[in-house]
Amino acid sequence: MNEDETHVSIGRPPTNAKQARAKLLWIGIWLAFMSAPVKDLADGNHTPWATALGVLGLLVFVGSYLVLVFRHTSKALDPFRVRAALAFLGALAVLLSLTFGTPWLVLFVYVSVSVGATLPMRTARWLIPAVTAVLVAIGLSGDHPREIITALVFPALLGGFAMSGVRQMIRTTIQLREARATVAQLAANEERLRLARDLHDLLGHSLSLITLKSELAGRMLPGNPEQAAEQVADIERVSRQALVDVRSAVTGYRRPTLPGELAGARTALAAAGITAGIPAEAPEDLPEKAEEVLAWALREAVTNVVRHSGAGRCTVTLVPRQTLGGRVLELTVADDGRGAPGTTRGNGLTGMAERLATVDGTLITRATDARSGKGFTTVLSVPLESGLGSRE
């Protein structure tokens, strides 16, 4: 299941036309409350010139509102431009309400929502009540029905402060995403530094020894070719051992780990919009080969969930168990998606089973909900060394 191209992540601007239209739809759906001024114009309560000016004023107000909220939630605008746009919306709401009457008081609700969506809480917490107070003042200054004014006060206050909460949530989401990217970058840098330190420790002594023996062999070569040959043989042995050490270090560097794959699974599921239940830590002191096999299997299982399951939730559990054959660590990946299309295993599951066979592990697949056949559960188990599974 790939992320739909029309899905817009919180705090991220649209990346294509479909996402832009989807976001505009979610913002514009609240324009349904504009039915009151539209009905007022359609009923012919005003002169043709006044009606034309009213249509123009309403279009300008709606356009300004959509541009302000859409642009600001996609990318933060300059504070001066935001305040200027809000002042323009407020002035237009006052002018249209004083000119056309009661049905147009609803414009102040949109001004309040715009304030909540674009201004920091420290400013919005007093400006939203101020906008509502202007609504009440204009309503009481004429012969407007009191029940309509009262009915608009609560949407103005509630809508404004609700949008302030949404704005804060968006800002927090952006900060968390930036922090996660920073942590990932720092982790990558730390891993590169670790590899550099390991290579320096492994090769520093060997290369120094090779250099010294090469110089010594060079001095011995004219008069003592046999001793020079011995030095060359030593150089060959040292270089071969250095090559073995480097290959071992690089293999360890590239080997997947269970904690790393758990973190990767959490990120992949979140990016796909799937609610994840994943343990924060993995058991310590796992056999190296068993951990590598489980890590590869977890990556493959989560990839299947993200690409093919259509699931809304995925749960990963790691539980040590006692079986007739001894202690095992059982990894379960369960989703609530559409389930397996058939009984034949695909290449991914076949590869899992083959990897597990190298450590005497087992693979079991079944429907998450046996009665409905919905969902897909993968259960993998690997044997533990004695005493390893005691820390539950």
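Buried here means under 20% relative accessible area, exposed means over 50%, and partly exposed is in between (1.4 Å probe, protein chains only). This is a predicted model, where local features need pLDDT of at least 70, side-chain atom pairs count only at pLDDT 80 or more, and totals for chains, interfaces and linings use all residues. Residues are numbered from 1 along each chain as its sequence is written, and side-chain values use heavy atoms, with hydrogens and water left out.

View 1. Helices (H or I, at least four residues) and strands (E, at least two) are DSSP runs, numbered from the N terminus. Of the 392 residues in the protein, 36% are buried. Take the contacts (heavy atoms within 4.5 Å) with a separation of 6 or more: 67% of them come from residues 24 or more positions apart.

**View 2. Helix α2 (residues 35-42) and its two sides.** Pro37, Asp40 and Leu41 are the buried residues of this helix. They sit on the same side of α2, because they cover an arc of only 95° around the axis; the arc is that of the directions from the helix axis to the C-beta atoms. Turn to the other side of α2 and you find Lys39 and Ala42, which are exposed. Just after the helix comes Gly44, with a positive phi of about 70°.

**View 3. Helix α4 (residues 79-100) against α5.** Two packed helices are described by the angle between their axes and the distance between the axes. Axes are lines fitted to C-alpha atoms, for helices over the stretch in contact, and angles run from 0 to 180 degrees between N-to-C directions. Here the axes come within 9 Å and cross at roughly 170°, which means α4 is roughly antiparallel to α5 (angles over 145 degrees; under 35 is roughly parallel, 65 to 115 roughly perpendicular and the rest oblique). On the α4 side, the residues in the contact include Leu86, Leu89, Ala93 and Val94; on the α5 side, Phe108, Val111 and Val115 are among them. The contact's residues divide into ten nonpolar, four polar and no charged. Ala, Val, Leu, Ile, Met, Phe, Trp, Tyr, Cys and Pro count as nonpolar, Asp, Glu, Lys and Arg as charged, and the others, Gly among them, as polar.

**View 4. Helix α5 meets helix α6 (residues 121-141).** These axes come within 9 Å and cross at roughly 175°, so α5 is roughly antiparallel to α6. From α5, Phe108, Val111, Ser112, Val115 and Gly116 take part. Their partners in α6 include Leu127, Ile128, Val131 and Leu135. This contact splits into ten nonpolar residues, two polar and no charged.

**View 5. An aromatic pair, Tyr65 and Tyr110.** Rings of Phe, Tyr and Trp (its six-membered ring) pair if their centres lie within 6.5 Å; planes under 30 degrees apart count as stacked, over 60 as edge-to-face and the rest as tilted. That rule gives two aromatic pairs. In the one shown, Tyr65 and Tyr110 are edge-to-face, 5.3 Å centre to centre with 85° between the planes. The pair links distant parts of the chain: Tyr65 belongs to helix α3 (residues 48-74) and Tyr110 to helix α5 (residues 107-118), 45 residues apart. Both Tyr65 and Tyr110 are buried.

**View 6. Arg321 in strand β2 (residues 313-323).** Arg321 is partly exposed, with a relative accessible area of 39%. Leaving aside neighbours within four places in sequence, Arg321 is in contact with Gly326, Arg327, Val328 and Glu330.
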